[in-house]
Amino acid sequence: MSISTVAKRLAPAMVPYKSISVKNSSQSLRESLPRRLTLLLQACSNQSLLRQGQQVHAFLIVNRVSGDSHIDERILGMYAMCASFSDCGKMFYRHDLRFSSIRPWNSIISSFVRNGLLNQALSFYFKMLCFGVSPDVSTFPCLVKACVALKNFKGIEFLRGTVSSLGMDCNEFVASSLIKAYLEYGKISVAGELFDRVLQKDCVIWNVMLNGYAKCGALDSVIKGFSAMRMDQISPNAVTFDCVLSVCASKSLIDLGVQLHGLAVVSGLDFEGSITNSLLSLYSKCGCFDDASKLFRMMPRTDTVTWNCMISGYVQSGLMEESLIFFCEMISSGVLPDAITFSSLLPSVSSFENLEYCRQIHCYIMRHSIPLDIFLTSALIDAYFKCRGVSMAQKIFSQCNSVDVVVITAMISGYLHNGLYLDAAGMFRWLVKEKMSPNEITLVSILPVISGLVALKIGRELHGFIIKRGFSNRCNVECAVIDMYAKCGRMNLAYEMFGRLSKKDIVSWNSMITRCSQSDNPSAAIDIFRQMGVSGVTFDCVSISAAISACANLPSECYGKAIHGYMIKHSDASDVYSESTLIDMYAKCGNLKSAMNVFEMMKERNIVSWNSIIATYGNHGKLQDSLRLFGEMVEKSGICPDQITFLEIISSCCHVGDVDQGVHFFRSMTEDYGILPQQEHYACVVDLFGRAGRLNEAYETIKSMPFSPDAGVWGTLLGACRLHKDVDLAKVASSRLMDLDPQNSGYYVLISNAHANAAEWGGVTKVRSLMKERGVQKIPGYSWVEINKVTHLFVSGDVNHPNSSHIYSLVNLLLEELRLEGYIPQPYLPLHPESTKKKLNSAIEKGMRDPDKV
């Protein structure tokens, strides 16, 4: 109601009190005057209408209407609503409203709170008590709100005690404010006690309780509370439906969600804007996109929020192409996207790793002046990083007016994604320097960076920081710490951390199995996999893939077959990636037939599964079968090869020594498919030339690399030099290796062997002395064989096996049989002259003792 409307209605009554003849005036006019004045003052209760309110007040003074305590309280209330505290003070003290009633005090307290003057509100309350004025049910909600805003928990406790002593804790308004305050601090039990004391529970107080449960993560309590609310025959409103539907979406309770949809229809709230959006979110998150689409098409009016719900649902379900199509429909329908639209859409753009798409979206945002809030900025940074647009992501970050921990976390994870570990570490260092507090996502992002740098000391320091800040009870952070220790080579600390976990969820089990599988102890991965099953945690696709990978690394076909049987019985624990790992396991166990059977039985095949089967035949020297499968993949299935595909093909050519074919595919990768070769591809080509004895071409390949060759490339060349006795080139490779990886014992052995092959014994002695000086120890290689489901490991000269004496006697018998057949053993390396001399002297001495056996 506008001020002019109220004034017109009030006009007949606006005459001086003394000019009114009581005899001639009607009783109804006298009774309607206070009500009409109240309406007029309420219409002026806005800061922009303060001047009009003052005019009304002046008019009342001139006409001698002012002076009545009831009207004066209304005038003070008007000034309080307009935040005119000077006028409030004048009215309060001039008309001595301090003792009239509680209403003037409440008006000023609520005005203080509304305008953010929280400490003044609390001070005024205590001043009120000093004047002997008792608070009522309207006083406490404002005071509780002030304490919550000030994060003053002791104040809330004090007010609760006062409310209880006055017997007001049964009032729904007071109880609602206290319940909301306690739930802000996660005190669910105290909030429940206050709720139970309320005699008349309406929909509002139920909503406060349900929303509080949801905010505290007690989602089951929301469902139970809603059931109890319905049992009390209290009708839910839009706020209730929004809360319970959001819980159904979070827990994928589609059946309950459908029932709530029906109840909303019966209640006539089905086309309420917020409820419709909650229903769309529910159906989208539960994967019921047909139902979501039907509901969307039935809506009489759609706004930006509605479109955002659909786009977000598609993205969260991994339907990236559909989300982009929906976004195009949104633009075509004339609905303008906002910052939330693009924050939801950008993950779908980054999933295609197409930098051009990312730039187009960014241009649209700039052209339409969509504000770059923290969430949109971090989404843009994340998208550019995933599309390899590192420089653009850095530029957006540098142009940010203000950054918070969300944006810093996006930068750290982006650097991690692109392998820029030092930049990621520098960003985390800057965050600490700026005295920002990292959240758990930041810590989960920086821990893999430390693993990549193998910076164990920094990792331990960060672990201490995590414990000190109270993040050690977060499962995802603990898993990241375990992963960090494992990747830094400290499996003992990883085991210890895993054993101390208070609650092991499927993520922690999977992390530990994966790390053990990738370490030198795959049998431990199988043991942990068994423990996981015994503990009652259901295996998922990640668990299965990690366990099969461990079987492949042992290798242990019997365990692999057992897991394969589990996959057949439990189809939900099998996906295209676990089946691809199964192919790899059978291949490493030498069972090509079973590997091919798994591949042929796959319902879905992607690039990973094709790469697995191509590698299987290539590693077994069946190059033509690998090339045939490559042709089927490209021509029949229409799947484009990736970097790994070409790596496997070139590696297959290495196994059979087909140099021309390998070089052809190396060139085809760039010329026909636009894939830039990485370090691994160059290492394979170097190996290809090296095995064929074409060392000069191998060296020229290294020199033509567009980036600096790593230790793997130089190590491959060094191995070829040892094989073909090219000591000069071996010296070049070894000098680079000493700079790149000085602690790798394998490279020292290769250099030593290259000198030994060329009979340069001085060089051998020098390399061994260098190893001793640098403290590098040779890690012995080992062989294994599986007999009756037991894997037996052997190293050179091993006598630790319980049946070693029997094994060596059989080896000697086999060697004797070979000699009788004319086999002459060839030494792996030429013997040192001193060793040859000692053996000759030993044979002469033996002949002198027993001439018949010489």
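Trainee: Why does Lys 151 count as exposed?

Mentor: Exposed means over 50% relative accessible area, buried means under 20%, and partly exposed lies in between, with a 1.4 Å probe and protein chains only. Lys 151 has 70% relative accessibility, and therefore it counts as exposed. Bear in mind that this is a predicted model, in which local features need pLDDT of at least 70 and side-chain atom pairs count only at pLDDT 80 or more, whereas totals for chains, interfaces and linings use all residues. Residues are numbered from 1 along each chain as its sequence is written, and side-chain values use heavy atoms, with hydrogens and water left out.

Trainee: Where is Lys 151 placed, and what is its phi?

Mentor: Lys 151 sits in the loop between helix H8 (139-149) and helix H9 (153-166), where helices are DSSP runs of H or I of at least four residues, strands are E runs of at least two, and both are numbered from the N terminus. Its phi is positive, about 55°, although Lys 151 is not a glycine.

Trainee: What makes Lys 435 exposed?

Mentor: Its relative accessible area is 77%, so Lys 435 is on the exposed side of the cut-off. Lys 435 lies in the loop between helix H25 (421-433) and helix H26 (440-453), and its phi is positive at about 60° although it is not a glycine.

Trainee: How do you know whether Ser 652 is buried or exposed?

Mentor: Its relative accessible area is 1%, and therefore Ser 652 is buried. Ser 652 belongs to helix H38 (residues 643-656), and, leaving aside neighbours within four places in sequence, it is in contact with Ile 614, Gly 618, Leu 623 and Ser 626, contact meaning heavy atoms within 4.5 Å. Across the protein, 44% of the 854 residues count as buried.

Trainee: Why are H18 and H19 called roughly antiparallel?

Mentor: Axes are lines fitted to C-alpha atoms, for helices over the stretch in contact, and angles run from 0 to 180 degrees between N-to-C directions. Angles under 35 degrees count as roughly parallel, over 145 as roughly antiparallel, 65 to 115 as roughly perpendicular and the rest as oblique. The axes of H18 (residues 304-316) and H19 (residues 320-332) come within 7 Å and cross at roughly 165°, and H18 and H19 are therefore roughly antiparallel to each other.

Trainee: How are the axes of H29 and H30 arranged?

Mentor: The axes of H29 (residues 491-500) and H30 (residues 506-518) come within 11 Å and cross at roughly 160°. H29 is therefore roughly antiparallel to H30. The contact is made by Met 491, Ala 494, Tyr 495 and Phe 498 of H29 and by Ser 508, Trp 509, Met 512 and Cys 516 of H30.

Trainee: What classes do the residues of that contact of H29 with H30 fall into?

Mentor: They divide into seven nonpolar, one polar and no charged, where Ala, Val, Leu, Ile, Met, Phe, Trp, Tyr, Cys and Pro count as nonpolar, Asp, Glu, Lys and Arg as charged, and the others, Gly among them, as polar.

Trainee: What does the secondary structure of the protein come to?

Mentor: It comes to 47 helices and two strands. One span, residues 505-539, is 74% helix and 0% strand, with its end C-alpha atoms 11 Å apart.
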